[in-house]
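Let's take a walk through how two protein chains meet. Have the sequence and the 3D view open as you read.

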There are 2 protein chains.
Amino acid sequence: MGHNGLREPLRQLAASCSLPAALEAMGERWSFLILRGSFNGLCHFEEFQSELGIARNILANRLARLVDHGILARQTCDDDRRKVEYRLTEKGFALLPTMVALRQWGERWETGMPATPVLVDARDHRRIAPVQVMSHDGRILGKHDLLWSLPENVVGETVEQAAE
Amino acid sequence: MGHNGLREPLRQLAASCSLPAALEAMGERWSFLILRGSFNGLCHFEEFQSELGIARNILANRLARLVDHGILARQTCDDDRRKVEYRLTEKGFALLPTMVALRQWGERWETGMPATPVLVDARDHRRIAPVQVMSHDGRILGKHDLLWSLPENVVGETVEQAAE
DNA sequence: AACATTAAGTTGCGAAACGCTACTTATCTC
DNA sequence: GAGATAAGTAGCGTTTCGCAACTTAATGTT
């Protein structure tokens, strides 16, 4: 229940940049692994607990936080009202590119091998492509094709369009 | 210096999935923000400290960890040997898609506005596209186009190719 | 109805990590 | 040499983490 700690430094930064805001929701120790569980179809407390080996109180706290942030939705089962289902919301599902990018980085630079299970295109059962940074018209952008710019110097589209 | 805490649960999981391995390197509280600083050109201890408002001992610890993991490279300046430069390695730079994806998620679902500074295509100064999960041939894949699969059922390419 | 089982937490407490402030060390400037 | 600067380190109180045991409510069993 109780609103956990304040952590002012991150909140202050969050005003000017969205990364701290994102980390406020997802930055804690088990959040990404719980999310991965959700993407893989886990939805009950005990499933997460036994799959991840996380302490029960921490799991309860993380699930509550993810629900507070609208990343998971909590609903008690109709057929067995002891059980609770935690399911990804649209907002939670929108973290897929982030999670895949992080996983792919781990495969390439840490473990050196593909993670299990593998994410594939349902149509042809081929692995998805590496997640990359691309230009508005689909060119892959590398280290020297990128620039950090103030919003007022950006060409070509409004903020509204950019958000979509 | 001293090897910080053990945290066994994550390490055990890391054997079978690369996400825990990635989080082992990047999962701590300030790691992503330090990385963001690096991407934005910060490279000295005092720059990170004043920009992020992070405690000095924690900053020292995180920088050392990132160096240990090969994400940042530490080098003392030649012209002023009091100063130390922390620069992104290739491995560190490879976290760009992850960081951009997380930032974009925060823009869309948390702050509701573009983060500053904005990442643009150097060629035309237009904002980069949203980072997305795509098929091997460049189609954008949504919720219902994806499948989790065991590696042995994957079609079309070897592990070697997939890693690149 | 009585009793055991299951699911989802909660509580207590020791260990680890975090964060603040002050201190140290090496280097550079004057 | 005196002072300033850069990059840490040390001490110490607060918060979070993690383990194990306990609670609560719904369900199954006899």
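Two residues are in contact when they have heavy atoms within 4.5 Å. By that rule, 92 residues of chain B are in contact with 92 residues of chain A.

Some ground rules: this is a predicted model, where local features need pLDDT of at least 70, side-chain atom pairs count only at pLDDT 80 or more, and totals for chains, interfaces and linings use all residues. Residues are numbered from 1 along each chain as its sequence is written, chains are lettered from A and ligands numbered from 1 in the order in which they are written, and side-chain values use heavy atoms, with hydrogens and water left out.

**How the copies are related**

Superpose the copies by least squares on the C-alpha atoms of residues with pLDDT of at least 70 in both, and a rotation of 180° with 0.0 Å of shift along its axis puts chain B on chain A, with an RMSD of 0.0 Å. That's the relation of a two-fold axis. In chain B, the C-alpha nearest that axis belongs to B:T98, 2.6 Å away from it. Both copies use the same surface, since 100% of the contact residues of chain B recur in chain A.

**What the interface is made of**

Buried area is the accessible area (1.4 Å probe) that two parts lose on being put together, summed over both. Here, chain B and chain A bury about 8800 Å² between them, with 68% of it on carbon and sulfur atoms. B:R29, B:W105 and B:W148 supply 10% of the area that chain B buries against chain A, more than any other three residues.

The interface also holds eight salt bridges (a side-chain nitrogen of Lys or Arg within 4 Å of a carboxyl oxygen of Asp or Glu). One of them pairs A:R123 with B:D145, whose closest N and O atoms are 4.0 Å apart.

Helices (H or I, at least four residues) and strands (E, at least two) are DSSP runs, numbered from the N terminus. Strand β4 (residues 146-149) of chain A runs antiparallel to strand β3 (residues 118-121) of chain B, and four bridges join them; strands pair if DSSP finds at least two bridges between them. Within this pairing, A:L147 has B:V120 as its bridge partner.

Most residues other than glycine have a negative phi, and most peptide bonds are trans.

| Cis peptide bond | Omega |
|---|---|
| A:T116 to A:P117 | near -5° |
| B:T116 to B:P117 | near -10° |

A:P117 sits in the loop between α7 (96-111) and β3 (118-121) of chain A. A:H125, in the loop between β3 and β4 of chain A, has a positive phi of about 60° although it is not a glycine.
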